[in-house]
Structures are given as structure tokens and as C-alpha cells.
Amino acid sequence: MCESNGMPEIIALHPEATWSQISPIDADWDAAEPEILGAMFSQMVLIRTFEECVLQLAGEGLIHGPAHSSIGQEGGAVGSALALIAGDTVNGSHRGHHQFLAKVLAHLAPEGIDPSGELEQPIREVLLKTLAEICGLDRGFSRGRGGSMHLQWEEAGAIGTNAIVGGGVPLAAGSGWAHQHAGTNNVAVTYFGDGAANIGSTLESFNLAAAWKVPVCFFIENNLYAVSTTVFEATGEPRLSARGPGFGITSFKVDGMNPLAVFLTMQAANEHMRSGNGPTVVEADVYRYFHQNGPFPGSAFKYRTKEEEASWRARDPIDQVASHLVRREIHTQSTLDSFIEQAKALMVETASVLLEPVEGGKPNERRIKPSEWPDPAFVNVGVRGDLSELHGTDYKDREDFKGEIAEVKFIDAVSGVMFNRMEKDPRVVIMGEDIHRLNGGTNGATRGLKDTFPDRVLGTPISENAFTGLAGGMALDGRFRPVIEFMYADFMWVAADQLFNQIGKARHMFGGKSPVPLVLRSKVAMGTGYGSQHSMDPAGIFVTNPGWRVVAPSNPFDYVGLMNTALSCDDPVVVLEHVDLYTSSGPGVPDTYDYFLPVGKAAVKKSGSDVTVISYLAMTNYVMAAVEGQSAIDAEVIDLRWLDRASIDWDTIGDSIKKTNKVIIAEQGALGTSYGGWLSDEIQRRYFDWLDHPVLRVTGTQSSPSISKVLERAAIARTEEMEAALSALAKDYHG
């Protein structure tokens, strides 16, 4: 054997995406348009005086909740927003007042705000509405529901700041996707801090946006501290824009205290994105002068030094721009000082609209004017929409349908109705893992769709947070109707933030006015041997979270009608499917997929007089087998079809209970997360006087299904468990 003393060849590798820093020199300051420099100064002054007013109100206890000040960070938001155009969209973080105001001020004054002029009424009004929203008042953009951390004005392209760290990043990617596929040259910008740079949803969005060349700018405001934890403690590479090239994203690092540097950097990023080259990362080094929340500096909490704070204040972005305005003789110092005083006076005037002295209180003690608070009756308005978008729909249930009904394969109904809807509605886009391959995904639910609609069937990476949030952003944009497929229902919990904190809450949180037309398809896989993490029934958890409508079809006819309605609804709808149904056949319509079933209408599968059995999804068929296999109990069987609180058919349920006086709720899922838990509680509250017996429950066990065939069967409910419940009830009443 030959031995070698040589060393292996080492070849340095370099990412294809560039990473650079743009630093203006004096000549750039001299070349900058006077209007741009004036607009920078004016916007930053307005934002800072606004924030000073917020901190003052917070100090007086007049802001309910946090007041995350952006004082010191204005240069990044203003420099970037001034480089955008009217149709561009932005969202931001919990520290988002400056991001929001920078975009809306640029929208109101596209030519810039002249510091030598008077502030026009629209600017005064937007500052008042923003302050009112932060105070939780009725005249705010979301009528006080959003407050400090959820600011939205869609008309201005400000699509919503976000209280979940990193939570808004996938939504902005969805906005960018919508711009791209609507044929515009607009871009989306998502602002977030150094803390969010470590969040999974952010990194998943980097990857997905790069893979799909989405025109979205990931704008990192690196202010060095996630509350009190430094960026040097939180990551091995504190230059956070270094992550971009690793995902194939062109990236920039910039001094965020220098607004012109940010403006020039954002222009370069925009050119890259508008040319179809995909996303960008911009990291702006900024510094918040105050603590995470409230009117005290970080040094008061001992995690920063006064010397550090002073060194950053010495590079104040307002002072930098002011010095060049004076040096170039664009404006005098007196003019700039007058504008600052005008802005301060405006904020005093603005606050006075919302506040009044406390009668008999301490000197200078103020309170919110009672007339400014929202009506408490508004509390639940807009959790879901009013379904007005469905008015005029011609509903056809089984008893109304005039066409042929025959045995059809359930999976053919799934793929057939989706094909039909995509053919008729170009807004429908479907995305999920492997749906573009394998002859229609893992179960054939998207068979034939990719060939016919290649740009609207999107096979995704395994990144549920990212593609769910991207779909949420598309839905909120309004130009598309996304359909998400989750291979298994358990995967919903990987994307729980996007499903529950973002998509489910968006309409209500932003004042009840933002439609969220999104459908989530997923399968319940009990009985397939996939074990604890691929088998759950999520219905019981979904119905306890606001905003979602929940559909659970048990046969092909219902699937088509319910899916058509779900795809026409402006609320998010989760459509549950079951593996037991995919391979089954049942009543359906072999030659049309155009009929609709109404929201909130259950189906009585069998009439009876002894007990009301309520079920849904595949368990309905197991219930029917049990009921029809015995004669001791005359059971009435109700297939719910719609499961959420807003859509459940209480009329049908109530009429049946008043006839039978007894109830069994039958489902397959685990006891702890069961749907029947809340339903039985609600039934006993509504119909206590009609019940002759406590509500009985047929469910799975406490455990989730196991891989073992024997243990899996023991963990779920089917026909045998339903038969046992009927036998027990018969024994109670017939001896």
C-alpha cells in the first residue's frame, strides 16, 4: 500500500450572492436632491416628536399596554421608505411606529414634506389617528384594537406591524408574491430587529423567497439588543446580513444612523428586486435611545452604559441631515428649528383632541376623553366576516339537487372540485409539499392541476411557517385566494403562529375590516400506522381559536359543495379530510362540480326519536354503521359539516334534542383535544331543560395513536365504540 504525506487540496468557496456596504461620501451628500434631504429631516422630526408624545402619555399612564419607542432609529425607516413607490407595501415589528409613519407620510406627501412650509391637514389627521390607535381609541385605524404594536393603513401600503417577533416576515413575502404575480413592479419590505433574525419563520422566509425569487426586502434594524440580550451573545456572526448570501440573497449592510446611506442602499435593493432578481437583505445598524419599553434609557437597567448611549447619540440621524441642509444652504438653522417647534406644537394640539383635565385631580393630571373610547359592544364585531360575499349564491343540498347522484370516489371529488375552481377563478393558488409531483401529491388530491395551472400549483419546501405565512400575506393582499395543503394535520402546530396569531386574528385585530380569503386543507390520518405525530384530529383545538371556520365533509357530495363555499368565503376556512375517506366511494355528482352548500347547515343522516347522535368527518360513517346494525335504540344522526362556533347549526341540533332528550357526541380523536368537549358543554348550557340524561361522549383515549396496529386501534373510536355507547344507553332505559 502506498502512503502519502501530502495534504488535501483546499479550495475556498464563495456564495454567488453579493454582500456589500454602501457608505456615502461628501460628494453624495452634495449630489442629493434638496427635496429628498428636506423630506428626510421633516419626516424624522415628525416621527421623533410623535414618539416623545407617546412616551409622555405612557409616563402619565394614559397608554394601556407597551410603548416601544423608536427614538434614535428614525434614519433606517425614513431613509428606506423614501426610496419606495406608491404601490410598494411594508410591514413591521412591535417597535413599528417609525416604520408605519415613514410609509404613510411618504404616501401623503410623495414629493416630500418641506420643512419651511406649514404641515397640511392630511398629515395632521394621520398623526391624530395613529396616536388614537396607540391609545386604544375609536378613531384609530383599527378602532383601538391594534394599539401600539398592530398599526395598519392598507391604502398607504402599510399592511400591519406585528407583535410576534418575526411573525410578520412570511406575511410580507406573501405581499411580495402577490405583487410579482399580479404583473406589477412593486416590492414588499418587512422590517424586523436583530432578535427576529434568529426566528425560524424569518429564516424559512429567506429560503422560500430566494427559491421563488419573491421581490421582498428583509430589512433588519440591528439595534444591538433584544430587550437586554446583546447581538454578540445571541449569535456567532453579529453582522446579521451575512446570512443573506447563504440563502442566495443579495445583501447589504449600512449605517442606519445615516439616512442618506440607507436611501442609497434601498435604491440599489429596489433595482435588484424590480428587475426580477429576487429578494434582498438590508441590515441597518441603528440604536434605540430608550429601553425596550417606556421612557427610560437602557443604562437605567444596567445592561448598557451611559458612554455607549452618548456615543450613538453623537451620530443622531436628524442632526446629520440638518447639518447638510444648513451647509448646502438649502435651509437655515432657524428654519429647521422652527419646523421642530411646529412639530412639537402639533403634537401638543393632537394630544389635546384626545385628552381632558381630570376634574378635581392633581395639577396637569389628564385622562382620555370618555367619548373617544370604542363602544364595548364592538368587542366581538369582525372576529369573522358577515358572509355578505356569499349573498345570492344558489345553494343545492341533497334534497334540492335535480341532477344525477351516484357513487363516486371521494378522492376524485377532491381533485375534481379544485380543478373546476381553478379553471373558473384565476385567483385560486394552491401550495404545499409535493403537491406538484407524485400524480397529485401523496394522496392524489391535486391530480392533473400542475399540468394545467403550472404557475398556480406551487410545490413548497418543507417549511410550514413560511409557506403558511406567505399564503396569509397573499390572502390579506386580496388579489389571490390561496389554498394550503398540509400533508398531515399535526404539521399545523409547526405553523401555529401563522395559523392562530396571524391568519386567524388578522381581521378582528385590524378593526374587523380586512378579508382573509384562505383555505387550509389537511388530512386526519388515524388508522394508517403513522403514529403520534401524523394522526391527530385538530378540530377541537381549531374551534377554540378565533377567526377560523371549520369544515368536515363525510362524503363526496358534501365535499364538493362545502369546498366551493369555502373557496368563495372571505374568512379563513380549514377543510378537514380523512384518510379513511380518500379510498372510499359515496354519494356524489359525477358530471358537475359547480354546486354550493350553505354555511352553517348540518345534515340529518337518519331520523330517530330515542337519542341524538352528533358526529362529523369519517366518524359519521362509523356512527351510521353502528346505528343501522342494531334495533334497540332509534337514533337520529346529525352530520355537522360545519364545526366552528359561528357556523354550527344550532337549529337542527336543538330541534333534534327537543325530540329525543338525549345526546351522544361521537368522534375519533383523543379525549384531551376533542371537539366534543366544548360542544357538550355548550349543549348542556343551551338545552339543560330538555335533557333527560347527561351528554354522552364517544371519543378516542387520552393517548395519541401509536405505531402498533393494536395500540393504534385501542386509541381511536370507530363503529365498535359507538355500538358500545348505544348498548349502554339501551340498558339504562330498557333494563
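Strand β2 (residues 89-92) is covered on both of its faces: T89 and N91 are buried on one side, and V90 and G92 are buried on the other. Buried means under 20% relative accessible area, exposed means over 50%, and partly exposed lies in between, with a 1.4 Å probe and protein chains only. Strands (E, at least two residues) and helices (H or I, at least four residues) are DSSP runs, numbered from the N terminus. This is a predicted model, in which local features need pLDDT of at least 70 and side-chain atom pairs count only at pLDDT 80 or more, while totals for chains, interfaces and linings use all residues. Residues are numbered from 1 along each chain as its sequence is written, and side-chain values use heavy atoms, with hydrogens and water left out.

The partners of β2 come next. Two strands pair if DSSP finds at least two bridges between them. β2 runs parallel to strand β4 (residues 188-193), and three bridges join the two. In this pairing, N91 stands opposite T190 of β4. β2 also runs parallel to strand β3 (residues 158-161), with two bridges between them. Here G92 is the residue that faces T161 in β3.

G92 is part of strand β2 and counts as buried because its relative accessibility is 4%. Its C-alpha lies 5.7 Å from that of T190, although 98 residues separate G92 and T190 in sequence. Leaving aside residues up to four places away in sequence, G92 touches Q99, G160, T161, N162 and Y191. Contact means heavy atoms within 4.5 Å.

The next stop is a loop. S535 sits between β16 (519-524) and α18 (539-542). Is S535 buried or exposed? S535 is buried, since its relative accessible area is 0%. Its side chain reaches the backbone oxygen of G531 at 2.6 Å. Not counting residues up to four places away in sequence, S535 touches D490, V524, A525, M526, Y530 and P705.

Helix α21 (residues 619-628) is largely enclosed by the rest of the structure, because seven of its 10 residues are buried. The buried residues of α21 are M619, T620, Y622, V623, M624, A626 and V627.

Now to the cysteines. A disulfide is a covalent bond between the sulfur atoms of two cysteines. For counting, the pair of cysteine sulfur atoms must be within 2.5 Å. By this rule there are zero disulfides. C135 is buried, with a relative accessible area of 4%. C569 also counts as buried, at 1% relative accessibility.

Finally, the whole protein. It has 25 helices and 24 strands. Its radius of gyration is 29 Å, close to the 27 Å that the globule rule gives for 735 residues, so the protein is as compact as a globular protein of that length. The radius is taken over C-alpha atoms, and the globule rule is 2.2 Å times the number of residues to the power 0.38. Along its principal axes, the C-alpha trace spans about 95 × 95 × 50 Å. Of the 735 residues in the protein, 59% are buried. Among contacts between residues at least 6 apart in sequence, 79% join residues at least 24 apart.

Definitions and conventions. Polar contact = N/O pair within 3.5 Å; in protein donor to acceptor, adjacent residues only side chain to side chain.
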